[in-house]
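Subject: Structure handover

Hi there,

Here is the structure I promised to pass on. Please have a look at it first, and then read my notes below.

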Protein chains: 2
Amino acid sequence: MKAIAVEPGAGEPVLVDRPRPEPDVGEALVRTLRVGVDGTDHEVIAGNHGDVPANEDQLVLGHEAVGVVEDPNGTALEVGQVVVPTVRRWPDGTDNEYFERGEPDMAPDGEYVERGIAGAHGFMAEYFTSPEEYLVPIPDDLAPLGFLVEPISISEKGIEHAVAARSAFEWNPDSALVLGNGSLGLLTLAMFEEVLEIDRTYCLGRRDRPDPTIDVVEKLGATYVDSRETPVPEIPAAYEAVDIVYEATGYPRHAFETVDVLAPNGVGILLGVPEPWEFDVDGGRLHREMVLHNKALVGSVNSHRGHFEAAVDTLAQLPDWFTDDLVTGVYDVSEFESAFDTGDDVVKTAVEFDRI
Amino acid sequence: MKAIAVEPGAGEPVLVDRPRPEPDVGEALVRTLRVGVDGTDHEVIAGNHGDVPANEDQLVLGHEAVGVVEDPNGTALEVGQVVVPTVRRWPDGTDNEYFERGEPDMAPDGEYVERGIAGAHGFMAEYFTSPEEYLVPIPDDLAPLGFLVEPISISEKGIEHAVAARSAFEWNPDSALVLGNGSLGLLTLAMFEEVLEIDRTYCLGRRDRPDPTIDVVEKLGATYVDSRETPVPEIPAAYEAVDIVYEATGYPRHAFETVDVLAPNGVGILLGVPEPWEFDVDGGRLHREMVLHNKALVGSVNSHRGHFEAAVDTLAQLPDWFTDDLVTGVYDVSEFESAFDTGDDVVKTAVEFDRI
């Protein structure tokens, strides 16, 4: 079968031929429909993140997938059922407490592999297998956009942890700032606007108009903030201090600037994965700010089945115009290279392996 | 009546004579028993924190008080009832949403004053008045130690917010590190050991043996970590990464080092109030650490009535030897200066105005 793989660091993905996988006991065989491309894929391709499976020299890419069950193989799934796979699996066939309680997203290093990212092949292939418990059914009509469930689930988790961090008191957020106008930033902005109904939302980028992401930001009713004109620490003076900051840039100064832009009792969600980088901060002021104004920062990675299920509901609530504008390209596997192109007119892309 | 006041920045507290206060409607008159002294008092005395009430040039000190109701003045309190006052009050007689819902600790700047600290006289006087709702009854037998309820309440809140921040997943902390071996650090260490029954606890200080605080740390069953031998970032290698860090030093590098010393899924509680101070951090690594290991930081200030009530229960559970060792001096108001002395043999002191 066809698959899209990389040798990490080789610089670009290639089409390879691999044997169709055989499901083990408890696993179903899934025929792949579409697989999304995101920043993590580009990091993996560049060799900055992730690693190939043990004893292999290639990694099949793809962690944002949707497919249909081809062979339930004795599981409770049904032939033709549309499913989205979660990403983390236990390493070396060894279960552990995090997986046992359905929270693989909280497993520490060494206690998981990530399909398409670290230590396990991904879903960019005509077929894949997965244990039943890691296949989340979705309605048939969401199948074309099913590859958005995984990225939405990342924000479902981040927001869940942020809300939990503010659950010891009465907290009614009415403003939110998304740092980053990539696809994850825009999806999260849409969640804040359309699903969580946050009154006032802002999205930070560094692009000139006309730009398709700025158009989406404004169509959502959010305010676009150009970081070249209004750096993050100046946002409270130029607009307002906000109750929630969602950091989706991986630019580490943003993690610290988040403290300054938060309103009292606010929470910052950190999602990016930067490289080491030393710089100066006014650590005294940041520390004091966090304390005197009861601020919180939560780091969040990956997501579990519950977040995927919540993401399915969220996806169903996003307006059609938004997903139409967000998904700028779905490419047949024969022209998969286009799905990895970057550029100012690219927002979100996917590779299509098959149709229902 | 006698009161202990400061002109901020004057360098030392003085005994003053003030009129005995008259309770307003809804307020009771309380006869003061004991008032504790803490680091915040020393900050106020030094002029680094807090301010005098509007149109006054002196501030009566004291925010850790216990007293007995002298005149219920029509409230539901009873004559002779032992009570501990909370600290925040609405400013200028103006209520606001934070006070209305019983969460004055979450009020932002300008929406509160703090008795004995900022904008309102404290409790270091023979009598004080307070609205009934800010007087927390405690059992008579706890009266001699009632001045510990306020500092314990600070940790009740910090720990409540930290636990909330980890409530979106299954979290069973079994190790904790307290940064700072002052009285608040030791009280919190005792809470971790004796009340929350955390398996392994550590307390960081920078003192030589023999030292009374190191003795308390070790008698509690905790491990004393000398920061001169083992700086915070080396604690994971020397001992272990911990599930909870409680920062009670106000040393801002600790706020950042907390991220490194936390185990995956851990939470750091920031309590100190440092001055501005710029320094270099590896912001990229700290950001990445928070994300990839789901770490959280929560700042926490002040506490509300519910935290005081929890603190009363906690105080009742602390062993007698601990509070005996913690409280190194209770001084009659005639020798109040001694309560403000600092030195390696001083842990926690209080001024005694009267006995039951």
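Let me start with a helix in chain A. In α7(A), the buried residues are A:P252, A:H254, A:A255, A:F256, A:E257, A:T258, A:V259 and A:V261, where buried means under 20% relative accessible area, exposed over 50% and partly exposed in between (1.4 Å probe, protein chains only). That is eight of the ten residues of α7 (residues 252-261), so the helix is mostly covered. Helices (H or I, at least four residues) and strands (E, at least two) are DSSP runs, numbered from the N terminus.

Some ground rules before the rest. This is a predicted model, in which local features need pLDDT of at least 70, side-chain atom pairs count only at pLDDT 80 or more, and totals for chains, interfaces and linings use all residues. Residues are numbered from 1 along each chain as its sequence is written, chains are lettered from A and ligands numbered from 1 in the order in which they are written, and side-chain values use heavy atoms, with hydrogens and water left out.

Next, the backbone. The peptide bond from A:R209 to A:P210 is cis, with omega near -5 degrees, and A:P210 sits in the loop between β13 (200-205) and α5 (212-219) of chain A. Chain B has a cis bond from B:R209 to B:P210, also with omega near -5 degrees. Two residues other than glycine have a positive phi: A:E197, near 55 degrees, and A:N265, near 70 degrees. A:E197 is in the loop between α4 (183-195) and β13 of chain A and is exposed at 60% relative accessibility. A:N265, in contrast, belongs to strand β16 (residues 262-270) of chain A and is buried at 5%.

On to charges. There are 44 salt bridges over all chains, each being a side-chain nitrogen of Lys or Arg within 4 Å of a carboxyl oxygen of Asp or Glu. One of them joins A:D211 to A:R207, with the closest N and O atoms 2.8 Å apart; A:D211 is buried at 2% relative accessibility, and A:R207 is buried at 19%. Another pairs B:D354 with B:R31, at 2.9 Å between the closest N and O atoms. This pair links distant parts of the chain, 323 residues apart: B:D354 is in the segment after β20 (348-352) of chain B, and B:R31 is in strand β3 (residues 27-37) of chain B. B:D354 is partly exposed at 33% relative accessibility, whereas B:R31 is buried at 17%. Salt bridges that share partners also join A:E97, A:R101, A:E103 and B:E170 into one network.

B:M124 and B:L61 are 63 residues apart in sequence and 5.5 Å apart in space, C-alpha to C-alpha.
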